Amino acid sequence: MVRAILSLVLVSVVVTAAGCGGDGASDARPGETIAVAASFYPLAFAAEQVGGDAVAVENLTPPGAEPHDLELTPGDLETIASAHVVVMVRGGFQPAVEEAVESEASGIVVDALEGVEVPSSIAADGDADGPEVDPHVWLDPMIFADVVERVASALGRVDRGAAGGFDDAAARLRSRLVDLDRDFRRGLAECRTRTMITNHAAFGHLAAAYDLEQVPIAGLSPEAEPGPERIAELAARAEAAGATTIFTEDLAPSDVAETLAAEAGIDTAVLSPLEGLTADQLAAGDDYLSVMRTNLETLRYGLDCA
C-alpha cells in the first residue's frame with residue numbers, strides 16, 4: 001500500500017497505450033540502461049529485439065512455466081515497480097501481473113491487447129476462470145508487428161535520444177514478421193482440411209489470420225477439462241472434418257488430447273502457443289521466429305497441406 005501511494009505521488013497516471021506514459025517518472029538518464037519488465041516470453045522477445053543493448057529485460061515468467069498461473073515473488077513486484085517500461089497483456093490472462101501493475105508500476109505500461117480488434121468468434125468462451133478475450137495476439141505475425149512498434153514507441157519516450165534506433169530495430173523485426181506471415185499464407189494456402197483440433201483455445205488469432213477453423217478441446221483456460229460427451233463430440237467432428245492430427249502443446253498437459261486422438265484413431269503433434277520456451281528450446285537456441293516456423297511445418301503436416 002505504501003509503495004502504491006508513492007507511485008501515485010510520482011506519476012499522475014499510468015498509461016496503458018503503447019508510446020504514452022508519465023514522462024518524468026519513466027525517463028532514463030543519458031546512458032542509463034532502460035529497465036523493462038515483460039510478463040512472459042513473446043513480450044520479452046519483442047523488447048529485447050527492439051531495445052538491444054540499451055535495455056535490460058526481465059521476463060517475469062520462468063522458462064518452462066505456464067504464464068496463466070504465474071505467482072509473483074517480492075522480487076518480481078520490485079521489478080515491476082522499478083521498471084521504466086512494463087509490457088503485459090490485460091484481460092485476465094495473468095491476473096497476478098495485472099494486479100501488481102495496477103498497484104506497483106510507475107513507468108510506461110504497454111498492453112499488447114490495446115487497440116486490437118478481436119473477432120467475435122474468438123472473443124470469449126464462457127469460461128469464468130479464463131481470460132475475457134483470446135490474448136494470443138502474438139500468434140498472428142502482423143498483429144505482433146504492431147505490438148513490436150508500440151514497444152519501440154514506449155522505449156523511445158523513455159530515452160528520446162535513442163528513439164530513432166528503436167524505431168529502426170522495430171522496422172527490421174517487422175520485415176522479418178512480414179516474411180513469416182507470407183510463408184504462413186503460402187504454406188497453408190492448399191490443405192486437405194482447414195480444421196485445427198487444439199489442446200485449448202489458444203490459436204484463434206492464428207486461425208483467423210490464415211482462414212483456418214479452430215476446434216478447441218478446452219477453452220481459453222488450459223486447465224479446463226471436457227467431459228466424455230465433449231470428447232465424443234470432438235471425435236465426431238474430427239472424423240467429419242477429415243482431421244488426421246490433434247494438436248497438443250509444449251507447456252500444457254496433453255492427457256485429454258491423447259485420449260481424444262486414441263478414440264478418433266488419429267495422430268498428435270505439438271503446436272506451440274508460444275506462451276514460453278521450454279528448457280530444450282532454450283538449449284537449442286530457439287526464439288519466437290524459429291518456433292513459429294516449426295509451428296508452420298507442424299500445421300502443414302497436421303492439415304495435410306500441399
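Contact here means heavy atoms within 4.5 Å. With that in hand, welcome to a quick tour of a predicted model. An open sheet of four strands is one part of the picture, and helix α3 lies across three of those strands, β1, β2 and β3.

**Helices α4 and α5**

- L77, I80 and A81 of α4 are in contact with A100, V101 and E104 of α5.
- By type, the residues of this α4–α5 contact comprise five nonpolar, no polar and one charged.

**Helices α3 and α6**

- The crossing of α3 past α6 is right-handed.
- On the α3 side, the contact is built from P42, L43, F45, A46, A47, V50 and G51; on the α6 side, F144, V147, V148, V151, A152 and L155 take part.
- Sorted by type, the residues of this α3–α6 contact are twelve nonpolar, one polar and no charged.

**The sheet**

- Reading across the open sheet, the strand order is β2-β1-β3-β4, and the pairing is parallel.
- β2 (55-59) and β4 (108-111) stand at the edges with a single partner strand each, so one side of each has no neighbour in the sheet.
- From one strand to the next, the twist averages 20°.
- Strand β1 (residues 34-38) pairs with strand β3 (residues 85-88) in the parallel sense, over three bridges.
- A37 has V86 of β3 as its bridge partner.
- Where does α3 sit relative to the sheet? Helix α3 lies across β1, β2 and β3 and runs at about 175° to β2.

**Aromatic pairs**

- How many aromatic pairs does the structure hold? There are seven.
- Y41 and F45 form a tilted aromatic pair, with 6.1 Å from centre to centre and 40° between the planes.
- Both Y41 and F45 belong to helix α3, where they are four residues apart, about one turn of the helix.

Definitions and conventions
Residues are numbered from 1 along each chain as its sequence is written. This is a predicted model: local features need pLDDT of at least 70, side-chain atom pairs count only at pLDDT 80 or more; totals for chains, interfaces and linings use all residues. Side-chain values use heavy atoms; hydrogens and water are left out. A crossing is left-handed if the near helix is turned anticlockwise from the far one by less than a right angle, and right-handed if clockwise. Helices (H or I, at least four residues) and strands (E, at least two) are DSSP runs, numbered from the N terminus. Ala, Val, Leu, Ile, Met, Phe, Trp, Tyr, Cys and Pro count as nonpolar, Asp, Glu, Lys and Arg as charged, and the others, Gly among them, as polar. Two strands pair if DSSP finds at least two bridges between them. Axes are lines fitted to C-alpha atoms, for helices over the stretch in contact, and angles run from 0 to 180 degrees between N-to-C directions. Rings of Phe, Tyr and Trp (its six-membered ring) pair if their centres lie within 6.5 Å; planes under 30 degrees apart count as stacked, over 60 as edge-to-face and the rest as tilted.
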